[in-house]
Amino acid sequence: MIRIGLGHDTHRLEPDRRLVIGGIDIPHSQGAVAHSDGDVLLHAVTDALLGALGWGDIGEWFPDTDPAHAGADSAHLLAQVVTKMHAAGWHVINLDAIVFAQLPKLSPYKNAMTLRVAELLAIETEVVNVKAKTGERVGPVGREEALCAEVVVLIQHQHSE
Ligand code: CDP
Ligand code: ZN
């Protein structure tokens with residue numbers, strides 16, 4: 001039994017905010033506007049998993065109206081979903097991601113992001129792929145107004161191995 005999941009996320013960028021992508025703190029003049037730490041990649045990973053599992057979406061699990069999630073570490077939110085996924089007998093086969101950012105240049109951080117995502121999902125780094133794209137200077141991403149991420153994930157149930 002295998003299932004596919006799709007995740008997408010967008011965060012607005014503003015000066016003097018923290019920029020965390022894939023669990024990695026990245027020095028930049030702008031950061032994500034968010035109730036949590038605004039990690040666009042981990043939010044899309046979480047939504048992709050929830051989608052594959054048929055478990056709704058991140059906003060249902062961790063409402064941004066809940067003060068308990070203010071400034072929340074997105075890795076911690078993802079870890080809660082991963083724990084429940086494992087308990088239900090599912091594991092990740094592979095994950096592919098795209099982070100859309102005009103700036104900063106993400107290539108120096110891609111390796112660290114890949115390692116962190118693999119660690120959070122308890123899988124080998126070889127089955128995690130993180131890509132980066134600019135917005136070609138058009139649209140909200142291209143004008144450096146926003147960051148986006150897209151993720152697809154494949155999961156397998158232990159009884160189908
Ligand atoms: O060349 P193409 O139009 O397909 O892509 P691009 O958006 O111009 O990005 C070119 C390359 O820059 C990407 O393949 C990424 O490896 C890298 N990139 C990056 O390191 N950091 C970003 N924020 C965006 C892109
Ligand atoms: Zn988000």
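Predicted model: local features only at pLDDT ≥ 70, side-chain atom pairs only at ≥ 80, totals over all residues.

Colleague: What makes Ser36 a lining residue of the largest pocket?

Modeller: A lining residue has an atom within 4 Å of a pocket point. Ser36 is on the list of 16, and it's among the closest to the centre, along with His43, Ile58, Phe62 and Asp64. The space in that pocket comes to about 270 Å³.

Colleague: Which elements supply at least two residues of that lining?

Modeller: β1 (2-15), α1 (40-53) and α2 (58-61) each do. β1 has the largest share, with 4 residues. By class, the lining splits into 5 nonpolar, 8 polar and 3 charged.

Colleague: And what is the volume of the second largest pocket?

Modeller: About 160 Å³. α4 (107-121) and β6 (128-133) each give two or more residues to its lining. That lining has 5 nonpolar, 3 polar and 3 charged residues. Lys105, Lys110 and Lys133 are on the lining list, and Lys counts as charged.

Colleague: Back to β1. Why do you call β1 and β7 paired?

Modeller: Pairing takes at least two bridges. β1 and β7 (residues 146-157) have 11, in the antiparallel sense, so they count as a pair. For instance, His8 has Glu150 as its bridge partner in β7.

Colleague: How do you know that β4 pairs with β1 as well?

Modeller: The cut-off is at least two bridges, and 3 join β1 to β4 (residues 30-32), so that's a pair too. Those strands run antiparallel, and Pro15 stands opposite Gln30 in β4.

How values were computed:
Residues numbered from 1 in each chain as written. Chains lettered and ligands numbered in written order. Heavy atoms only, no water. 1 Å grid on protein atoms, 1.4 Å probe; cavity = no way out; pocket = protein on both sides within 12 Å on 5 of 7 lines; lining within 4 Å. Points joined across faces, edges and corners; volume = space filled by probe spheres on them.
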